[in-house]
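Welcome! Here is a short tour of one structure, told through a few of its contacts. Have a look at it first, and then read on.

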Amino acid sequence: MPGPLAVYVHIPFCTIKCGYCDFNAYAGLDALKDAYARALLREAEAAAPLLAGRTISSVGFGGGTPGEFPARHIAALLDLLRSLAPFEPRAEVTLEVNPGTSSPPYLRDLRAAGVTRLSVGAQSFHPAELAFLDRIHSPEATAAAVAAARDAGFESLNLDLIYGLPGQSLEAWLASLDAALRLQADHLSCYALTVEEGTPLARRIARGQLRLPDSDLAADMYDAASDLLAAAGYRQYELSNWARPGHESRHNIAYWTDRDYLALGAGAHGYLGGERYENIAHPRDYIAAVEAAPPGQPRPALARITTPPPPAQAADWLALRLRLLEGFSPAEFERRWSEPLHEAVGSVLREAARAGLLELTPRVRLTHRGRLLHGEIAARLLACLEETAPRLPGLAARAAPVPPGHPGPLSPSG
Ligand code: SF4
């Protein structure tokens, strides 16, 4: 019996393209929205064989700015998904909104459509930082969006915050956190600003016009968030995520725990039966591909399948599990990969434990210091697996399981 499925829906439209963003997001394509909505419905209908016999545990609308997509299109897609596969009783339907474009009637329509959880892109509570990030909203707009979301009946609200901005002081970061706490969000995601190649931000940094805070200050900001949020009753459950009890993001947990997720929309990434795949990125090309696809093609906008070799898959599994503060047990690894954990990566785990970065019992999990070095530890695990996998028959030979209802490998197209 295949397990429950998460569904990711990508909405690639934004009012402007922020200077730090390398997401598959586009400004100035609003005229495509109706055609895009029709293509999403066709893509979901075509995916019926992938949904057969499964329940849907969560739907996540990301982007882009899904909160600028007409609520009637969100409602139509959710109705269609419900007709294709039953939603679990506590299914989470989460959607990202921009505080600058979240009117009370719009939020009420989203709630009526079946959206259960809103993720509000607050980012900062300082006007100058918001301007630096090219955000179109003010701190007051975030407060208004939160109030409107509560009025509309949303019982689970996330606020996204970014720290580690050029010129940002620890005090400024603490003030943003404090403002977020006053809004009584149920969940907080705090991400360090990352400089993505090819973005205007990366060019300004390369020209020496901007400097990111040094790593010690960024680490202090992370520690301060951990302390402040713990004192306020939020439990950290993932490297960058804190929640009040019962408000952890079930949709994101599916990504971190090796669960299948179906991708819908331009550039959306999916994971089915051990196979990672991605859709055609540009909305115009995506719409054209879906419209032109012959019947019977369950992934009509497929751009590529990327099934990494087993050592990389196992390294991904470990890196994702280590993002969760609960970590994992050696038995879970062995069940998934048919090899004892200590044979696969024991040397790296022991070294990290000696350095105070990992706990090994009763579960393997990062320490507070280790959380700051997750990327480095993940890289070492991959290097180790590449060395050990050839002598571990279970790991080297392991084929990805193909769940019933999944039609098996497809040829890349588009
Ligand atoms: S609103 Fe979000 S997705 Fe859109 S450009 Fe800005 S950061 Fe990127």
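Arg-276 and Asp-316 form a salt bridge, with their closest N and O atoms 3.8 Å apart. The term means that a side-chain nitrogen of Lys or Arg is within 4 Å of a carboxyl oxygen of Asp or Glu. This pair links distant parts of the chain, 40 residues apart: Arg-276 is in strand E13 (residues 275-279) and Asp-316 is in helix H12. Helices (H or I, at least four residues) and strands (E, at least two) are DSSP runs, numbered from the N terminus.

## How to read the model

This is a predicted model, in which local features need pLDDT of at least 70 and side-chain atom pairs count only at pLDDT 80 or more, while totals for chains, interfaces and linings use all residues. Residues are numbered from 1 along each chain as its sequence is written, and side-chain values use heavy atoms, leaving out hydrogens and water.

## Helix H12 and its neighbour

Helix H12 has 14 residues (310-323) and reaches 20 Å from its first C-alpha to its last, close to the 20 Å expected at 1.5 Å a residue. That expected span is 1.5 Å times one less than the number of residues. Because 11 of its 14 residues are buried, H12 is largely enclosed by the rest of the structure. Among the buried ones are Pro-310, Trp-317 and Leu-322.

Arg-321 forms a salt bridge with Glu-332, with the closest N and O atoms 2.8 Å apart. Arg-321 lies in helix H12 and Glu-332 in helix H13 (residues 330-337), so this pair ties together parts that are 11 residues apart in sequence. Arg-321 is buried at 11% relative accessibility, and Glu-332 is buried at 17%.

## A network of charges

The count comes to 18 salt bridges. One of them joins the side chains of Asp-186 and Arg-244 (3.5 Å, N to O). Asp-186 is in the loop between helix H7 (170-182) and strand E8 (187-192), and Arg-244 is in the loop between strand E10 (241-243) and helix H10 (250-256), so the pair ties together parts 58 residues apart in sequence.

Asp-186 is buried, with a relative accessible area of 4%, whereas Arg-244 is partly exposed at 25%. Arg-150, Asp-186 and Arg-244 are linked in a network of salt bridges.

Conventions
Buried < 20%, exposed > 50% of the residue type's maximum accessible area, 1.4 Å probe, protein only.
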